[in-house]
Amino acid sequence: MSERFDRQIKYESDLDLNFAHQIASFPGGERIFDCIQCGTCSGTCPLSVYMEYTPRRIIAMTRAGFKDEVVRSNTIWLCSSCYSCTVECPKEIKLTDIMYAIKRQAIRENIWPKEFKMSPMMTGEFFKLVEKNGRNSEGWLMMNLYMKSMAVGDALKIAGIGMKMFAKKRMSLKTEKIADPAELRKILDAAGSEMELIKEGAKEVVHG
Amino acid sequence: MTATETPRIGVYVCHCGINIASRVNVKEVVEFARGLPHVVVASEYKYLCSDPGQELIRADMKEHNLNRIVVASCSPLMHESTFRRVTAEGGQNEFLFQMANIREHVSWVTEDEGEATSKSKALVAGAVRRVAFHEPLTREKVPVNPNVLVVGGGIAGIQAALTMADAGKKVYLVEREPTIGGHMAKFDKTFPTLDCSACILTPKMSMVKSHPNIEMMTLSEVAEVHGYVGNFKVKVKKNPRYIKEDLCVGCLECIESCVYKEAKFPDEYNLGLGKRKPVYIPFPQATPQVVLVDPETCLYLKKGKCKQTCLEACDRKAIDFEQKEEISELDVGAIILATGFKAFDPTNRLPQYGYGFYPEVYTSLEIERLLNSAGPTSGELTTKSGQVPQTVGIVHCVGSRDKKTNVWCSRVCCMYSLKLAHLIEERTGAHVYNFYIDMRTPGKGYEEFYERLLQEGMRPVRGRVAAITDWAMTPEEEGKLVIRVEDTMIGVVRRIPVDMAVLSVGLEPQPDAKEVRRRFNISCSPEGWFLERHPKLAPVSTFTDGVFLAGACQGPKDIPDSVAQAGAAAAEALALIDRGYVEMEPNTAWIEEELCSGCKSCSGQCPYNAIGFDDEKARAMINEALCKGCGTCVATCPSGAARQKLFLDKQIYEEIRGVLSYV
């Protein structure tokens, strides 16, 4: 068939009917079933006009099992957690939490658009620092992230900004630490393997 | 039978379809009941309340010569009266019956079948041991006062009052506002037929005024309610109008001659869209056709100093600045509450819609007044700067379906929004957008009206409006209000510039609904809507006998439903009155004279003032006609002299023993 005529129909067999329940299993995620598709979230969202699917459509598609489209969409990565949607939602659904739930699912499965690779990487690097020291150290987070995600040349290009920030004391290379990281370790171990997945997920970029 | 006769008890366990049988092992309970003392027969049936179920009990009573009945089924509220009647039809006194609630108290609230079954057995054991100590009782018959009180003079109150007055009953219609007519009087047209609201309502208002059986009391509120079904005593407070109603003929000369030459005070009836003088009439067709003086703005009433030109102008001498608040007492047999609703006020509650901030954002009720030919603009719709609007956006569900304001659907706003869209388009030629979440048109001719609007070119956008702003992002948006919404049918976020935005506000309970509820001793849902006795089978009755509901005070309702409900409430009230008497529950209290020490502990506690004191004997006495059987005195009495029928100590202790002996 000609390339001009893409198959538009979506068969139930193409969908992942378990996807909604997967997202619902994250804290706050279960609220997707309360949505009445009014579109307040999308109308309020300052970034929805740039999104492949509006937040309202993300919920509809999640409920219907359009897993591939949802986890590969730029919507979840464009969400800047401004919480406008959460404030305005007439059903008091915490849309931002749902965006995080989907992001976590995407990271678990190593799927995200190439141009957003910094997001999951930062999640991983942030977690590594907190896991080790109990606190984030911004200077090291930035250094680690740029070293990992950029070619050396590109990283050097933005090094100037970093230097200025060090000079103005907006960032520091001092390592922030809690008194007893071992205790934190116990808590994290009790929390289970979810954290490992987030760390591991940041290794590669599958979808581009 | 006499109380000394040996009890012969029949126990009947109901399946209630699967309501009980899916949790409770009914067979096991029946088997268990057979082994209880004095039980002669025990059986089960799928629906005991049905005719064959009732017949089963009646037949057993004859065959086995039963003199006590226990039914284990639903709540007494649901079917106690049914089975008491069956007991009476079987030839015994109706109070030789006891109910065990194994549905609401067991099967609906117990997960485990074993637990549910043992709990049922315990309750049946309690009921069996209690009923053995029941005694025959007789009901007192009390005559019913044939007069009726209707509270609220909107369309529901008007309809209820006229129906009962036509049936020959004396009706007192109490209305808080200076005129009857309620919300309906403010509308221009009504959906879906586009009947002129005034043409169908004002004749009814006039009939109320002229009906020989109706006493209309405006500017009045019910202050106190005492008594009980058939015999209520009601105090009505009438606020001063400063006009003698019987003398005023509505010539309006006083308004003309008021020292204020210009009308300069915001006119409440038109929601502040028009102006009035201190002496005014809410609208030309107000009923009664009588002016009133506003004490807040009248110079004489406020400051005591005025030329009082109005007094000179009134040749009938109807103006009376000395009028004071008056209390009148009414005796009525039945009460119909038709106190209506309040329109949602979006001021400060939904800041994203800019109501009260952008002048061109209106509520739907304001637009009703602006479109009304008797309204402040004689029906001409323009922006505040006098321009005819080119585009208008109507926002549905304002304050409704929202956990932060009201969670319920207001039921009428889809339809009235469509009506407003039609009227706005007809009067101004503007393009009208309707922003809706779901289009709900369930009513006769309603879907057809929606179809008509679609054919007329109304522009529907499915999506809940996120914000209304004047922040222009394109030249076309300059000077307009911009409505930002996701068009959920198409899946894009749209910005739609309009000249006027209309907020289709929802319906709320009246702000004083909870006080009114207490005054009439009825129940309210948590939101404040008055609670009907049963949502399907007793929709106009309340849990207080003799008090009925009509119209939107019970929940959001449109005009046809309000009128239908008003007719139903009137019919219920008429059935009560025409029966002529009410049978009182015989569960009243009495005082055992030889035990009473005359301490008067009980009389102060009685909420119904039913306890008097015999000074000669120095003993308390209970007036059975006033006693409601609440049991407070029984619990209060330190010497155990206060006792209550159906709640004797031996009955209650036996019931407890029955339950505990099983547990």
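These questions and answers walk through a predicted model with chains A and B.

Student: Which secondary structure elements does chain A have, helices or strands?
Tutor: The model is predicted, so keep that in mind throughout. From the N terminus on, the elements of chain A run α-α-α-α-α-α-α-α-α-α-α-α. The count is zero strands and twelve helices.

Student: How far apart are the centres of domain 1 and domain 2 of chain A?
Tutor: The domain assignment places domain 1 of chain A at 12-109 and domain 2 at 115-201. Their centres are taken over C-alpha atoms, and the separation is 27 Å.

Student: What share of the residues in chain A is buried?
Tutor: A residue is buried here if 20 or more other C-beta atoms lie within 10 Å of its own. Chain A has 208 residues, and the buried ones make up 28%.

Student: Which helix gives the most to the side of chain A that touches chain B?
Tutor: The contact takes 17 residues from chain A and 16 residues from chain B. On the chain A side, helix H2 (40-44) and helix H3 (55-64) each supply at least two residues. With four residues, the one that gives the most is H2(A).

Student: How many charged residues are on that side of chain A?
Tutor: Sort the side of chain A that touches chain B by class. Four residues are nonpolar and eight are polar. The charged residues number five.

Student: Which element of domain 2 of chain B gives the most to the side that touches domain 3 of chain B?
Tutor: The domain assignment puts domain 3 of chain B at 253-313, while domain 2 is made of 149-232 + 325-340 + 510-579. The C-alpha centres of these two domains of chain B lie 29 Å apart. Twelve residues of domain 2 of chain B are in contact with six residues of domain 3 of chain B. On the domain 2 side, six residues come from the element that gives the most, helix H7 (residues 197-210) of chain B.

Student: In what sense do strands E11 and E12 of chain B pair?
Tutor: Strand E11 covers residues 220-228 of chain B, and strand E12 covers residues 231-238. B:Glu221 stands opposite B:Lys237 in E12(B). In this hairpin, which has two residues between the strands, B:Gly230 takes a positive phi near 90°.

Student: Which residue of E17(B) is the bridge partner of B:Lys238?
Tutor: E12(B) is also joined to strand E17 (residues 326-332) of chain B. Seven bridges link these antiparallel strands. The partner of B:Lys238 is B:Glu326.

Student: At roughly what angle do helices H6 and H15 of chain B cross?
Tutor: Two packed helices are described by the angle between their axes and the distance between the axes. The axes of H6 (residues 155-166) and H15 (residues 559-579) of chain B come within 8 Å. The crossing of H6(B) and H15(B) is right-handed. Its angle is roughly 35°.

Student: How many residues in the contact of H6(B) with H15(B) are nonpolar?
Tutor: Residues of H6(B) in this contact include B:Ile155 and B:Ala160, and those of H15(B) include B:Val563 and B:Leu574. By class, five residues are polar and no residues are charged. The nonpolar count is eleven.

Student: Which residue of E27(B) does B:Val395 stand opposite?
Tutor: Strand E21 (residues 391-398) of chain B runs parallel to strand E27 (residues 500-505) of chain B. Five bridges join these strands. Opposite B:Val395 stands B:Leu503.

Definitions and conventions. Residues numbered from 1 in each chain as written. Chains lettered and ligands numbered in written order. Predicted model: local features only at pLDDT ≥ 70, side-chain atom pairs only at ≥ 80, totals over all residues. Domains from an automatic or database assignment. Contact = placed C-beta atoms within 7 Å. Nonpolar A, V, L, I, M, F, W, Y, C, P; charged D, E, K, R; others polar. Pairing = 2+ DSSP bridges. Axes fitted to C-alpha atoms, helices over the stretch in contact; angles between N-to-C directions. Left-handed = near helix turned anticlockwise from the far one by under 90°. Buried ≥ 20, exposed ≤ 12 C-beta atoms within 10 Å, placed from the backbone.
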